[in-house]
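Please read the following walk-through with the coordinates open beside it. It moves from one chain to the contact between chains, and then into the second chain.

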Amino acid sequence: MNTRTFHTCAFLEKFSTYGKIGIAIIIILICLAGYSLFAGNDMHMIPSGESLERPSIAHWLGTDDLGIDILAQIGHGATVSMSVGFASAILAGVGGSVIGIFAGYFGGTADKIVTALCDIMSAIPQLPLMIVLGAFFGSSTANIIMVIAMISWVGPARTARAKVLSMRNETFIVAAHSYGAGFAHLAYRHLIPGIMPIMLVSVIRIVSHAIVAEAGLSFLGLGDPLSKSWGVILNRSLNFPGIYFTDFWKWWILSPLVALMLLVVAIAFIGRDVERIVDTKR
Amino acid sequence: MSKMQILYDTLLEKDEHGDIPWLAESWEVSKDGKTYTFHMRTNALWHDGQPLTAEDAAFTIGYYREHPPVVNDLLIGGSYIVTDAKALDEYTLQVTFDKVSPTYLTKIGGMRIIPKHIWEHVDDPIAFTGAGATIGSGPYKLDSYDPQQGAYRFIAFEDYWGPEPAAAAIEWIPVGDSVLAFQNGEIDLINAPADIVPSYRENPEFTVKTAHSFHSYRLMMNMDAVKALQDANVRKALVFGIDRQALVDKAARGAAMVSSQGYVLPVSPWYNKDIEQYPYDPDKAQELLGGATYTFSLLTDNSADGMKVAELIKLSLSQIGVTVNVQSVESKTRDNAVNTGKYELLLINSGGMGGDPDYLRTIYGTGGTTIKGWSDPQIASILEAQSVELDPNKRKELVYEAQKLIADQVPMIMLHGALDNFVYRPAKYDHWMFRYDHSKCDHNKLSYVIRTESEQAGQTT
């Protein structure tokens with residue numbers, strides 16, 4: 001047990017101060033999200049105060065126009081944002097890697113099709129595509145994850161393909177091949193472990209991208225209207241008539257905005273450190 | 001559309017207190033009360049320079065019978081109130097009605113007269129966009145209209161017969177944030193959100209005019225589609241179970257009034273306050289439901305305001321065991337559902353609640369199609385009786401009685417009606433005014449003309 005603690009510490013030691021701050025922020029947000037998930041009091045749905053109360057002891061971040069506590073909504077929004085962020089990043093990462101490994105390993109027509117698809121996907125502007133897809137599939141959290149994954153797989157696919165292309169001619173692969181190793185064996189024993197570190201980095205990049213995309217879609221009204229994601233909170237507060245001529249924006253607009261920025265910055269810090277630790281250039 | 005009021009003149013105009021002579025300088029009523037003879041102004045011109053005559057007015061009455069405009073006051077319960085209209089001479093119009101009614105003068109007075117020399121050749125007015133489609137006789141003529149932007153520009157009509165147009169041009173322009181545009185002086189009048197009205201009230205640079213919007217949010221119940229709603233106790237339970245004061249405080253941020261279940265607004269001189277008021281009482285609601293629980297779907301438009309009201313209703317009703325599933329759609333889809341009846345509960349904010357209470361008849365009376373699956377012969381006959389009662393006191397009694405009966409039945413749940421807070425800079429323009437039956441001062445023709453003192457006093461009928 002002592003050794004494990006030692007190892008965890010050693011891993012944490014490798015993070016810079018910024019990285020540690022990032023991890024701390026994420027832990028706080030996960031606690032907040034966990035609390036709102038398991039408290040079971042539906043604080044984010046049911047008014048618990050007067051409408052548009054200032055931040056106070058009872059309501060740390062004030063209330064919205066219906067009198068619903070904003071901190072509770074931020075907590076619930078953290079669940080939505082993080083689940084959308086991680087789920088779509090993992091989906092895009094896994095999907096993209098599989099496609100990339102296939103293309104890189106088999107080459108030929110498969111490679112040409114995948115490369116062409118990647119080119120097309122990166123040529124199309126992402127936001128309009130996302131809006132069209134979001135409007136087409138309808139507004140629900142699952143659909144948003146699908147839409148974001150659908151446009152984010154290109155990065156991982158390209159990276160995986162490039163890595164596999166360079167690994168193909170490594171002596172250990174050639175050797176394994178000559179002993180009769182098939183694609184499945186090679187992929188499982190050599191290719192996937194080989195691309196793992198680099199994938200980790202590109203998945204982390206997609207996470208922050210996906211979180212912002214979800215907030216953007218919800219803000220535009222393409223998110224799940226019944227969820228209280230940060231984008232939905234922003235949508236409602238910014239649409240409140242004349243909000244900037246009142247004091248309400250100080251808690252109603254700033255809270256989701258700051259939460260969003262904190263999460264994205266935290267992920268960026270962690271991503272930078274992970275990139276350094278796994279050293280993708282090795 | 002209300003902007004048409006600036007473009008077209010009418011026989012009578014409306015100011016703060018009542019109807020005033022406009023194109024008709026004077027009129028007489030025949031002994032049997034059915035025939036009105038209007039003496040029209042001899043100096044009125046159309047925007048293309050042709051004289052406006054009694055012939056145009058008589059033609060308009062006939063044309064509206066064949067091609068009803070969007071809002072047609074001359075059509076009640078499916079029958080046209082005018083039986084005969086003719087021009088006795090160039091400037092004398094005689095109109096005969098189907099019966100004697102205290103409401104007909106205002107109805108015929110509000111009819112917008114269209115030029116015969118243009119419309120007599122038009123068979124399909126909805127599709128007509130040709131030359132002269134916007135020729136009117138009002139103090140302003142249409143200069144340009146941009147349908148993509150929804151922008152209108154009207155310019156003063158120099159040869160107008162009546163009070164001088166106060167502005168050289170009036171523009172309706174779309175802005176992203178009206179408060180910001182008003183602050184920057186891009187627009188001159190706004191209907192300000194409740195939360196910023198106090199800051200304008202304190203500032204002498206601005207004037208705030210407040211009036212009831214003559215609109216009210218209402219929860220319509222489809223009794224054809226949902227059998228449970230045919231039980232008056234269920235409907236009453238819903239009214240008792242909705243915290244309508246919370247709608248005023250939270251959804252409208254205080255700039256609203258709880259509406260009356262008798263339909264007539266509390267600000268109206270016809271309002272009967274001695275009827276069931278239905279204060280928020282969840283215990284009573286549950287008692288009326290007798291332990292039963294219900295699930296309804298509620299159709300609303302996807303406006304921020306509509307969603308907010310729907311959400312509050314949902315929260316409120318969940319306390320008495322009524323589950324509401326909110327469905328939000330495009331406002332046009334929702335408006336369409338009002339006619340087709342494809343809904344269980346429907347939330348809508350409608351107007352037409354100013355002026356003469358005869359509007360009760362179009363909603364609760366014979367031939368009304370607004371409320372699906374409900375009719376009441378007693379209410380219908382009282383509403384029929386008030387429409388022909390010439391004695392103002394007796395008529396008031398009938399209208400009061402109708403409100404009481406309507407409130408006891410709750411055919412439609414009246415929620416809350418918004419207050420309009422118009423803000424403007426008096427240094428720039430100070431003629432904004434309300435009409436006795438309409439609260440949008442930007443829709444009111446008299447807001448845009450210079451009335452002399454004598455015109456403002458003594459001419460009110």
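The paragraphs below take up the fold, the interfaces and some selected residue pairs in turn.

The model is a predicted one, and side-chain atom pairs are counted only at pLDDT 80 or more. The C-alpha trace of chain A spans about 75 × 55 × 30 Å along its principal axes.

Charged pairs come next. Side chains of opposite charge can pair when their charged atoms come close. Over all chains, the structure holds 32 salt bridges. One of these joins D65(A) to R236(A), with the closest N and O atoms 3.8 Å apart. Since D65(A) sits in the loop between α2 (17-39) and α3 (70-106) of chain A and R236(A) in helix α10 (residues 230-238) of chain A, the pair ties together parts that are 171 residues apart in sequence.

The next step is the contact between the two chains. Chain A contributes 18 residues to this contact and chain B contributes 14 residues. The size of an interface is often given as the accessible area lost when the parts come together. Between chain A and chain B the buried area is about 1,400 Å², and carbon and sulfur atoms give 66% of that area. There are 3 salt bridges between chain A and chain B. Among them is the pair K228(A) and E311(B), where the closest N and O atoms are 3.8 Å apart. The interface of chain A and chain B also has 4 residue pairs in polar contact, both residues being at pLDDT 80 or more. On the side of chain A that touches chain B, 11 residues are nonpolar, 4 are polar and 3 are charged.

Chain B can itself be treated as two parts. Domain 1 covers 4-137 + 440-456, and domain 2 covers 216-418. The C-alpha centres of these two domains of chain B are 33 Å apart. In the contact between them, 8 residues of domain 1 of chain B meet 11 residues of domain 2 of chain B. The area buried between the two domains of chain B is about 750 Å², with carbon and sulfur atoms giving 61%. Across this domain interface of chain B there are 2 salt bridges. K99(B) and E384(B) form a salt bridge, at 3.5 Å from N to O. The side of domain 1 of chain B that touches domain 2 of chain B has 3 nonpolar, 3 polar and 2 charged residues.

A search of the whole structure finds 37 of them over all chains. In the pair Y364(B) and W374(B), the ring centres are 6.0 Å apart and the planes stand at 85°, so the arrangement is edge-to-face. Y364(B) belongs to helix α12 (residues 359-364) of chain B and W374(B) to the loop between α12 and α13 (377-386) of chain B, so the pair ties together parts that are 10 residues apart in sequence.

A last stop is D224(B), in the loop between β14 (216-221) and α7 (232-241) of chain B. Which residues does D224(B) contact, leaving aside its neighbours within four places in sequence? They are K372(B) and G373(B). A polar atom of the D224(B) side chain lies 3.5 Å from the backbone nitrogen of G373(B). By contrast, D224(B) and S387(B) are 28 Å apart in space, C-alpha to C-alpha, and 163 residues apart in sequence.

Notes. Residues are numbered from 1 along each chain as its sequence is written. Chains are lettered from A and ligands numbered from 1 in the order in which they are written. This is a predicted model: local features need pLDDT of at least 70, side-chain atom pairs count only at pLDDT 80 or more; totals for chains, interfaces and linings use all residues. Side-chain values use heavy atoms; hydrogens and water are left out. Contact means heavy atoms within 4.5 Å. Buried area is the accessible area (1.4 Å probe) that two parts lose on being put together, summed over both. A salt bridge is a side-chain nitrogen of Lys or Arg within 4 Å of a carboxyl oxygen of Asp or Glu. A polar contact is a pair of N or O atoms within 3.5 Å; within protein, one must be able to donate a hydrogen and the other to accept it, and residues adjacent in sequence count only if both atoms are side-chain atoms. Ala, Val, Leu, Ile, Met, Phe, Trp, Tyr, Cys and Pro count as nonpolar, Asp, Glu, Lys and Arg as charged, and the others, Gly among them, as polar. Domain bounds come from an automatic or database domain assignment. Rings of Phe, Tyr and Trp (its six-membered ring) pair if their centres lie within 6.5 Å; planes under 30 degrees apart count as stacked, over 60 as edge-to-face and the rest as tilted. Helices (H or I, at least four residues) and strands (E, at least two) are DSSP runs, numbered from the N terminus.
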